[in-house]
Structures are given as C-alpha cells and as structure tokens.
Amino acid sequence: MNKLAKLGKWGIVLIVLAILIIFLPQIAHFSTDYLWFSELGYQSVFLKFTFAKFIVGFVVFLLVFLLTYFTLHVTTKYVPEVTVTQDATVNVPNKKAGKRVLVLIPAILLGLLAGWISATALWQNILLFLQQTPAGVTDPVFGRDISFYFFDLSLFEIIYQLAFLFLAVIFLFNVLLTFYLQGFTKRTFKLMAKRLIYFAAAFVLLLIGGFQLNAANLLYAQDGAVFGAGYTDLRILLPMYYIASAACVLTAITLLLGLKKKSAKLAAVGPVVLLTVLVIGNLAAGGVQKFIVQPAEIAKEQPYIMNNIEMTNKAYGLDNIEEVEFSANGTLTATDLQEEMDTIKNIRLIDYRPTSTVFNQLQSMRLYYKFVDVDIDRYQIDGAQQQVYLSARELDQSSLDSSAQTWVNKYLKYTHGYGAVVTPVNQVTNQGQPEMWVENIPPTTNVPELEITRPEIYYGQLTNDYVIVNTKEPEFDYPIGDSNAQTQYEGTGGIPMTFGNKMLFAIDRSNYKILFSNLITSDSKIMLYRNVQERVKKIAPFLTFDSDPYLVIDDGRLVWIIDAYTSTNKYPYAAKVTNSESIFYGQNYIRNSVKVTVDAYTGETNFYIVDETDPLIRSYAKVFPGLFQSLEQMPQNLQQHLKYSDTLFEVQTEIYQQYHMKNPTVFYNKEDVWSIANEIYGKETTKMEPYFVNMRLPGSEQLEFLLMRPFTPTQKQNMVSWLAARNDGDQYGKLVLFKFPKQSTIYGPLQVESRISNDSEISQNLNLWDQQGSSVIRSNLLVIPIKNSILYVEPIYLTTNNENSLPEVVRIVVAYKDKIVMAKTLDEGLSQLFGTDFRTEGTANTPSGDSDSTIMTYDEAISQIKSAYQNAKTSAQSGNWADYGRYLEQLEQAINQLDKSNSVSAQSDVETDQTETISDTTTDAL
C-alpha cells in the first residue's frame with residue numbers, strides 16, 4: 001500500500017508538471033502582457049479584462065456543468081439492471097464508477113467549452129450592461145432609452161443564442177448516452193420520447209425570449225419602404241410576437257400535462273396553437289403589405305419614414321447641422337483676393353499621392369527607410385496658420401539586405417526610424433517639387449516651429465516587431481556618408497530585462513537567444529507592440545481605430561494621433577453603412593469619441609475623450625476608470641492639431657446624400673437625392689475625397705481649418721451644396737452646410753473638369769505632354785469658397801512612365817465663373833483671370849518660368865525662339881556681342897524645350913512647317 005501511495009503521489013506531481021509544461025506558453029504570455037500593461041500604467045485595465053472573462057467563464061461553466069450532469073445522471077438511472085448468475089463475478093462499485101465517468105467527462109467538457117465561448121462573447125456586454133449610461137434619446141415606438149438597445153438588447157441576444165446552443169448540445173449528449181447505454185430498443189425510443197418532451201418544453205419557454213427579441217428587432221427591419229419598423233411590422237408582426245409568446249407558455253403546459261396524463265392529444269394542443277399563430281400572422285403580414293400598404297404606401301408609411309429620417313440623422317451626428325445660404329453670385333475682384341490672402345496663400349498646390357512618391361525618392365536616403373503615407377495638418381508659422389504635409393521616415397526591417405537579416409540586427413541594432421519631412425501645401429520648387437521645410441538626416445529646418453529635437457521613431461506604422469534597447473550592441477541611429485551614427489536609448493519606454501523577465505520573454509517569443517545572449521544586460525529593456533495601431537488595439541480592443549494615424553511635431557518631439565470610434569448596429573430606425581470597404585460596414589451609429597496619442601520615442605499612450613455626449617464612451621469610461629482622460633488634460637499644443645476625422649466625415653456625407661431630405665414625401669419619391677461630386681484624378685472619373693481648406697466662414701473674421709466635400713444633384717453635375725466640418729478650438733466638430741440657391745447654376749467639379757478638357761489651348765498642351773513615355777496627372781480639383789464666390793484650382797503634374805519618376809507640378813489651372821486659364825503659377829493664373837498683377841506675399845507657390853527644367857507649352861516655346869532670335873539678331877547688328885551670346889543661350893534653351901515638346905508629340909502639319917522654318921532660320925543665325 002505504501003508503494004502504491006507513493007506512486008500515486010508521484011503520478012499527481014507528474015500530471016501537474018505536464019499541465020504546467022502544456023500551458024507554459026499561455027502562462028508566459030499572460031505574464032508578459034501584464035508586464036506590458038503595467039509599463040503603460042494600464043494594469044487595472046488588463047486585470048479588469050482578465051477578471052471579467054474569468055468570472056463570466058466560471059459562472060457559465062458551473063451552470064452548464066450542473067445542467068449537463070443532472071440530465072445525464074437522470075439518463076443513467078434508466079439503464080436496466082444486469083442479471084447476475086452464480087458463475088459471474090460482478091464488481092458493482094466499478095459499474096457505478098463507469099456510469100459516473102460517462103456523466104462527469106461530458107459535463108466537464110461541455111462546461112469548459114461553454115465557459116470559454118461565453119467568456120469571449122459576453123464579458124464586454126456584461127460590463128457595459130452593469131455600467132450603462134442613459135443616452136437621453138428614446139425610440140419612437142416603445143419609448144425606451146436608446147441605451148436599452150446598445151447595452152441590454154445586445155446582451156440578451158447573445159445570451160439567448162448561447163442558451164439555445166448549449167441546450168441543444170446537452171440534449172444531443174443525452175440522446176447519445178441513452179442509445180450507448182441501452183441500445184436501439186423499443187424501450188429506448190419510449191424513453192427518448194419522454195425526455196424529448198421535457199427538452200421541448202424547455203425550448204419553447206426559451207422561445208418566449210426569442211419572440212420578445214424579435215419584437216425589439218422590428219426597429220431594424222429592412223423589408224419595408226425605409227429602414228425600421230413600418231405599418232405592417234407594428235400592426236401585424238408585433239402583436240403576433242406577443243401572442244406567440246403566450247402560446248409558448250401554453251405549449252409548455254400542455255406538453256407537460258400530456259406527458260403526465262399520457263395524452264398525445266393534450267400534448268399537441270399547445271404546439272398546434274403556436275404553429276397556427278405563426279402561420280396566420282405571417283400570412284396576414286404578407287396580405288396587409290400587398291393589399292393595404294403598397295396601394296397607398298406613402299400615406300401608410302409616412303410616420304415611419306419620419307422616424308427613419310430623424311433617427312438616422314441623430315445616429316450619425318447629422319441632426320445639428322447649421323444650414324447657411326451661399327449665393328455664390330458675387331463678383332470676385334483682385335481686392336477681394338487681397339482681403340482673403342490667408343485663404344489664397346493656403347490653397348493646396350501639391351497632392352499627397354505624388355508627394356509621397358517624391359518623399360520616398362528624394363528623402364528616404366537608404367533602401368530601408370520608407371514614408372508610409374503623407375498627412376495634412378496646420379501649424380502656426382510666424383503667427384499665421386499654414387497647411388503642411390508631414391510624413392515620418394520609418395525603418396522597414398524587411399528591406400534590409402538578406403545577409404543583414406540577423407537576430408542581432410533585427411532586434412538589437414536596427415531599432416528605429418528617424419525624423420520626418422514637412423512641406424507647405426502651397427509651395428513648390430523651380431523643378432516642380434515640394435518645397436522642403438523639414439528635410440534630410442538629421443532633420444534640418446529654417447522654421448523654428450517645426451524643429452525636431454527627438455527624431456527617433458521607436459513606435460510607428462512599420463515597427464511590427466519587438467526590439468531590445470540599451471544592450472552591449474550599439475543601435476544604428478542614422479547614416480552619415482559611408483558610415484553610420486550610433487546611439488543608446490535614453491527614454492522611459494520598455495520593460496526591464498531582469499533574469500525572470502528574460503525567461504518569460506524567451507518562452508513567450510519562442511527564442512532562446514533572449515535568455516542566453518551576452519549582449520542583453522540588466523539595463524536592457526524590451527519594447528513590445530510598437531506598431532501604433534496594434535498597440536492601441538491591444539489596450540482598448542472594444543474601440544474601432546482609424547487606419548491612418550498622423551504624426552505631429554510637438555515641442556520637438558514626434559507624437560502620433562489616432563482617431564478612435566465607438567459604433568454599434570443597434571440604433572433604432574437608423575440606416576446602416578452599406579459600403580463593404582468601410583471599417584463601419586453594417587453599423588448604424590458612429591462617434592469619433594476618442595483621440596489617442598502615442599509618443600514615437602517613449603511609446604507613452606494616452607486616450608482622450610472628445611465627445612462627452614456619447615453614451616457608449618461614457619459607459620466604457622465607467623467600466624475602465626483608469627483608461628480615459630478628458631480633453632482638457634491633453635497638452636494644449638496637441639489640441640491645436642486635432643482634426644475632424646475624414647473617415648467619419650466620408651460616412652456622414654455618404655449618408656447625407658439622401659438624409660438631408662426632411663420631408664417624408666420628398667424622401668419617399670427620391671425627389672432631391674444628392675451625390676458626392678465627381679472629379680477627374682489622373683485620367684479616371686472618381687468621387688471627390690473630403691479635403692481640408694483654410695477659409696473664413698460667412699459672417700466670421702476668423703480664418704478656420706475646414707474639412708469639406710461638395711454635393712451635386714443625383715445624375716447631374718452642377719453643384720448644389722457643400723458640407724464643412726470645423727476643426728479649431730471650441731468650434732471643433734460642428735458641421736455647416738452651405739446651400740446654393742436652387743434657381744442658380746453653380747459649376748460642379750466635373751463640369752469644370754470638362755471645361756478643362758474642352759479648352760483648346762489647355763487640352764492641346766495636356767495631349768502634347770501625355771504621350772511617348774510621359775503621363776499627365778490631373779490632380780485634385782479644389783473648390784475654394786471665397787466671399788460669395790467659388791474659385792476652382794487644379795494642379796497639373798507631369799511624370800515619366802518609370803518606377804524612379806519624380807512627378808512635377810508643371811501648371812496650375814484656375815477657373816472662375818466662365819473663365820478658365822492654365823498658367824505656370826497660381827499668381828499668374830489669378831492675374832490673368834482678374835486683370836491685375838497679383839502676388840501672394842511671401843510665397844513661392846509655383847515653379848519659375850526661367851528654369852531650364854520648366855516644361856513649356858508649344859506656343860510658349862515658339863514665342864521664346866522668335867524673341868531670342870530677334871534679340872540675338874539685333875545685338876549682332878549693333879556689335880553687342882555679350883548680349884548676343886546671352887540671347888544665343890536663351891535660343892538654345894528654347895530649342896531644347898521645343899525638342900522636348902516634339903519628342904512628346906508630333907504637332908499638326910501647320911505647326912510642323914512652322915517648326916522647320918524657325919529651326920532653319922535659327923541654324924543660319926547660329
């Protein structure tokens with residue numbers, strides 16, 4: 001017995017060790033996650049996640065385990081007794097133990113499965129249910145606060161689905177166990193019929209909850225004239241669900257009474273009644289919809305259409321739009337332009353897409369540096385607001401040479417990107433490239449407000465793996481000619497690499513080098529989840545995050561700002577997002593309630609609430625009291641760089657195309673549907689993206705940073721309105737709709753694009769450049785409201801068709817009313833339009849016409865050849881050989897430009913004759 005006892009003890013020890021070994025990776029991962037959350041100061045958030053999941057899982061495990069054990073235990077009681085003969089030896093305790101195993105193992109397995117599924121699916125809903133905040137808005141049918149649908153209904157639906165699933169699996173286990181123990185006998189089938197009635201009674205009682213959920217979900221119906229409950233839903237289907245719920249109670253009673261009295265007829269009464277209610281109800285709904293509603297649909301559905309319009313506008317934050325009449329019939333003068341110089345000086349002359357190409361070609365410096373995207377922002381430069389493009393220079397480890405893809409290089413040496421590039425949106429060089437205000441490595445600038453003193457980027461968009469800093473291996477900092485500068489990390493980010501932590505991370509990351517490398521010391525620190533989007537999702541998985549973080553220069557430091565959203569598909573009567581490419585697809589309530597900041601050097605991550613009216617974020621703040629801060633706690637410098645989310649604005653403008661119509665009859669007949677204005681980008685017709693402008697709103701003296709998007713009538717191209725989102729100070733988040741008079745015709749963007757294409761001089765030159773290895777890029781057409789007028793500006797790019805091409809701004813198209821010009825500069829274009837010598841003070845907004853790299857039109861080249869030839873001839877006749885030589889240089893440059901034009905496209909016969917004549921004359925002169 002002592003030996004058996006010892007063996008039993010050792011067996012238990014071995015089992016415990018085996019469990020520890022099997023679950024060691026999970027234990028290590030849990031521990032490293034706790035260390036990481038603690039580093040950020042969010043360990044309470046992590047513990048709340050963990051504790052909530054454990055409690056939910058444990059409670060569900062107990063419930064399902066007990067229910068399964070009880071039902072299976074009852075099943076084993078019906079096993080017939082075994083007849084024992086004198087010659088047979090029966091071990092009765094072993095028989096009982098076998099039954100216990102058959103009951104216990106399925107009960108434990110199903111309980112564990114149910115607990116795991118429920119912990120994953122329910123923890124968030126339960127926490128929100130317990131800490132829910134009223135919305136202050138009620139639904140128009142049941143009068144419930146909207147918070148009921150956000151929190152209660154969502155939780156009840158999941159519980160109902162899980163309960164139905166678990167009950168069905170328990171019933172299946174009982175069936176299998178019964179047939180296993182008793183075989184396929186007549187007695188078995190009788191027993192199963194009896195058990196089936198008990199389970200059927202349980203199912204129909206559960207169906208009561210299902211019918212009540214269906215009644216609430218009528219507010220999301222999509223089979224009527226609008227989204228939400230309609231005439232038939234509320235007059236027929238809603239009463240049917242209530243009657244069906246009562247029929248379920250009757251069904252459960254008659255089933256149990258029928259079983260008790262052994263009366264099949266009595267047992268069938270309830271199911272027949274329930275089935276009759278459902279059949280008659282659905283037939284009635286179809287009949288009423290077809291014969292009563294459809295013949296007079298607008299009259300019957302009008303109040304419900306009003307519900308749909310009102311609730312959709314509230315759901316998307318479109319219910320408080322300020323509407324302003326914008327006549328656009330003013331006569332713009334040069335004096336007006338001078339008065340609106342701040343707007344003119346911020347007109348965007350470069351596009352973010354070609355700019356990204358230029359940054360990667362000219363400023364990446366090394367193959368492993370990448371500019372992921374280019375973001376627009378505004379800074380106070382010399383006391384004036386200036387729009388700029390800004391992009392981070394990140395290190396892409398995958399671009400290292402294959403021979404350099406070593407563990408030391410990837411995790412200890414090449415640890416961070418370096419600096420950023422900044423360019424004003426309204427200035428280009430003589431070569432048609434962006435004017436760099438911050439450039440090079442290390443970053444240099446002549447603009448004090450944009451000086452970067454902490455350029456290292458340890459946390460970014462390409463930092464997809466962990467690194468270990470402060471090791472014996474110096475970190476690569478940035479390239480210097482043929483060598484490299486090296487550095488050691490000086491920040492607070494990272495988890496100290498104690499011996500215990502090294503063991504944990506070696507297990508978690510499945511890499512023994514973390515534990516045994518002699519380069520890692522007690523001063524070393526490991527940085528985890530360095531991709532800023534992965535980082536914020538790890539902390540707050542219940543929020544939806546924008547896919548485009550943007551970088552800000554904050555007192556010399558680099559800080560990422562990320563838009564975070566709350567959303568749900570449970571807003572009554574609100575239409576859903578139907579764009580399958582949107583991150584909000586299928587949702588019908590969206591708020592950009594949170595702005596997240598991540599320090600690119602330290603990784604410090606902060607969540608700031610910017611919309612205190614959102615019941616979802618207020619409830620999350622109660623669930624996680626240590627996670628969110630108020631907007632007032634955000635540093636003032638960062639507050640100045642908050643932008644209205646263009647992702648949200650894009651959804652809002654898509655919804656507003658229909659839901660600006662407040663009259664239910666007009667809405668039903670689709671009489672005044674708008675469309676997002678179209679433009680030509682490159683050579684393709686596409687919807688205009690939301691874009692930022694600096695302008696003064698009518699009646700305001702304050703220059704504002706606005707996000708705007710124009711509308712046209714559906715299937716027409718004239719502009720009817722434009723929606724603007726304000727971004728500055730106390731006005732942040734307010735929406736303003738500028739509506740044009742219906743009796744006026746205002747050119748829409750695509751109409752202006754057509755005028756550009758149809759203008760003989762402009763189209764001739766665009767066609768000339770757009771051939772034989774070169775491509776013209778027609779950039780974004782900007783609609784610029786100025787006073788009571790509209791100005792249109794479109795930069796024209798030229799690029800060659802190869803991977804190393806640098807797109808160049810070669811012309812600016814400017815249009816006003818019926819006038820349209822294409823000029824080398826915005827100043828020149830405005831001067832031509834308004835008949836004055838216009839100057840945007842202090843800006844070099846365009847390429848110089850004297851540069852040899854500037855592309856001339858055909859007519860310009862011909863004119864310059866004639867002028868240079870005549871001047872050279874006059875100088876030769878007067879004996880002024882210095883001027884003669886200078887004019888010959890100009891003549892040669894003009895001929896080169898003409899050669900460029902001719903290499904792009906052959907001109908008409910007349911033009912060819914002119915060219916040959918001038919070339920011959922020039923040759924004689926030379």
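Here is a friendly chat about a few residues in this predicted model.

Colleague: Let's start with N346. Why is N346 called buried?

Modeller: Its relative accessible area is 5%, and buried means under 20%, so N346 is buried. You will find N346 in the loop between α10 (341–345) and α11 (352–362).

Colleague: What makes the approach of the N346 side chain to the backbone oxygen of Q385 a polar contact?

Modeller: The distance there is 3.2 Å, and the cut-off for a pair of N or O atoms is within 3.5 Å. Setting aside neighbours within four places in sequence, N346 is also in contact with residues including Q386, V425 and N694.

Colleague: Thanks! How do you know that the bond between I441 and P442 is cis?

Modeller: Omega is about -10 degrees for that peptide bond. For background, most peptide bonds are trans. P442 sits in the loop between β8 (438–439) and β9 (444–445).

Colleague: Why does N470 count as buried, and why does D555 count as exposed?

Modeller: N470 has 18% relative accessibility, and the limit for buried is under 20%, so N470 counts as buried. D555 has 65%, and exposed means over 50%, so D555 counts as exposed.

Conventions:
Residues numbered from 1 in each chain as written. Predicted model: local features only at pLDDT ≥ 70, side-chain atom pairs only at ≥ 80, totals over all residues. Heavy atoms only, no water. Helix = DSSP H or I, 4+ residues; strand = E, 2+ residues; numbered from the N terminus. Buried < 20%, exposed > 50% of the residue type's maximum accessible area, 1.4 Å probe, protein only. Polar contact = N/O pair within 3.5 Å; in protein donor to acceptor, adjacent residues only side chain to side chain. Contact = heavy atoms within 4.5 Å.
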